[in-house]
Amino acid sequence: MQNPNFEYMRRLSADIRVETVKAISKAGAGHIGGAVSIADVLAVLYGGAMNIRPSDPDWEHRDWLVLSKGHAGPGLYAALALTGYFPMDWLDTVNKPGTRLPSHCDMKRTPGIDMTTGSLGQGLSAAVGIALGNRINGIESYVYCIVGDGEINEGQIWEAAQTASHNKIDNLILFVDWNKKQLDGKLEDVNDPIDIAGKFEAFGFEAQTVKGYDVEEIYSAIERAKKVKGKPSVIVLDTLKGLGICFAENAVTCHFMAVDEKMEKEAIDVIEKRYEQGAYPGGESRK
Ligand SMILES: Cc1ncc(C[n+]2csc(CCOP(=O)(O)OP(=O)(O)O)c2C)c(N)n1
Ligand SMILES: [Mg+2]
């Protein structure tokens, strides 16, 4: 991308959080913690880093995103709606009967969803296959994939990592949402993957670790990853589960939460206040 618009990306990340909390409040409950910890990377990807055409979601030469942690679907739906893939009012239907926006991602139901996910551990295998297929077909594009830090306990992740490395899949850029928690607890209390970047390096990846809530750092990491030739890249996003949603931030209970209108309003007020203050989503000053 020639001139990344970081101000637009920051606003988009705030809007993704706002729309995610609104959608989950309308649904009554949902996977809010893991949906909002990726709001900033989604804002970078859909706010300019990806080569995409929202009016033509299946464009053959597009960049792809496999959201392997498919339970974070509502965050991605917010990003897709805000960037023109489908009308904003679809977000009111998340996880309701007959919706085109189910709780977990479904490529057959939603424009812009590149892979059906939700069974953790499988998305990276799909992303490797897509990236290899595109290379064989002479399509010059990138395949992005987002996995969770609990999800990488799945053995299939490491089978896929080895295959990506063996095949020198350098059109693959993987993100690990290192939000320090999985379904029912902290990584350190459940099953801690410990040195995530070092582990992927041992599997032949080029690895970086960045502040996963800083759009400029994320963007620069993607630019560096694109220059890596002959091996896949991983970018570990240092985040917090629930980041930016005041009632969910870093709460062990934020994986799947009931959200009502009062909580929704409070969360939106805090998002807007932090945005006006020029703070990071969690409230830390940017200056
Ligand atoms: C194969 C499989 N096992 C279990 C689950 C149930 N499950 C859904 S989310 C989740 C925790 C995932 O943790 P993490 O990858 O850290 O996600 P995040 O913190 O980003 O929400 C689990 C165990 C699942 N979806 N798929
Ligand atoms: Mg996690």
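**Asn-134 and helix H5**

I looked up Asn-134 and found it in helix H5, residues 123–136. Helices here are DSSP runs of H or I with at least four residues, strands are runs of E with at least two, and both are numbered from the N terminus. The model is predicted, so I kept in mind that local features need pLDDT of at least 70, that side-chain atom pairs count only at pLDDT 80 or more, and that totals for chains, interfaces and linings use all residues. Residues are numbered from 1 along each chain as its sequence is written, chains are lettered from A and ligands numbered from 1 in the order written, and side-chain values use heavy atoms, without hydrogens and water.

Asn-134 has a relative accessible area of 6% and is therefore buried. The cut-offs are under 20% for buried, over 50% for exposed and partly exposed in between, with a 1.4 Å probe and protein chains only. Leaving out residues up to four places away in sequence, I listed its contacts as Trp-64, Ile-139, Ser-141, Val-143 and Asn-171; contact means heavy atoms within 4.5 Å.

I then checked the length of H5. Its 14 residues should span 20 Å at 1.5 Å a residue, and the end C-alpha atoms are 20 Å apart, which agrees. The expected span is 1.5 Å times one less than the number of residues.

Which residues of H5 are buried? They are Gly-123, Leu-124, Ala-127, Val-128, Ile-130, Ala-131 and Asn-134. Seen down the axis of H5, these fall within an arc of 165°, so they line one face of the helix. The arc is taken from the directions from the helix axis to the C-beta atoms. An α-helix has 3.6 residues a turn, so residues three or four places apart point the same way. The cover over the buried residues of H5 includes S2, S3, helix H6 (155–166) and S4. Just after H5, I noted a positive phi of about 70° at Gly-138.

**Helix H9**

I listed Val-215, Ile-218, Tyr-219, Ala-221, Ile-222, Ala-225 and Lys-226 as buried in H9. They fall within an arc of 160° seen down the axis of H9, so they line one face of the helix. They pack against helices H1 (6–27) and H3 (39–49), and against strands S3 (143–148), S4 (172–178), S5 (206–211) and S6 (233–238).

At the start of H9, I found a side-chain oxygen of Asp-214 within 3.0 Å of the backbone nitrogen of Glu-216. I used a polar contact as a pair of N or O atoms within 3.5 Å; within protein, one must be able to donate a hydrogen and the other to accept it, and residues adjacent in sequence count only if both atoms are side-chain atoms.

I also looked at Glu-7 in helix H1. Glu-7 is partly exposed at 41% relative accessibility.

**Leu-237**

Leu-237 is in strand S6 and is buried at 0% relative accessibility. Its C-alpha lies 5.5 Å from that of Trp-178, 59 residues away in sequence. Beyond four places in sequence, Leu-237 touches residues including Val-41, Phe-175, Val-210 and Ile-218.

**Ligand 1 and Lys-69**

What comes nearest to ligand 1? Of the 18 residues around it, Lys-69, His-71, Gly-118, Asp-149 and Lys-241 do; a residue is near if one of its heavy atoms lies within 4 Å. I found oxygen atoms of ligand 1 at 2.7 Å from a side-chain N or O atom of His-71, at 2.8 Å from a polar backbone atom of Glu-151 and at 3.0 Å from a polar side-chain atom of Asn-179. The protein covers 77% of the 590 Å² of accessible area that ligand 1 has on its own.

I placed Lys-69 in the loop between strand S2 (64–67) and helix H4 (73–82). Lys-69 is buried at 2% relative accessibility, and a polar atom of its side chain lies 2.7 Å from the backbone oxygen of Gly-34.

**Positive phi**

Most residues other than glycine have a negative phi. Ile-194 has a positive phi near 55°; it sits in the loop between helices H7 (187–190) and H8 (196–202) and is exposed at 66%.

Methods:
Areas by Shrake-Rupley, 256 points an atom, 1.4 Å probe, with all protein chains shown as cover.
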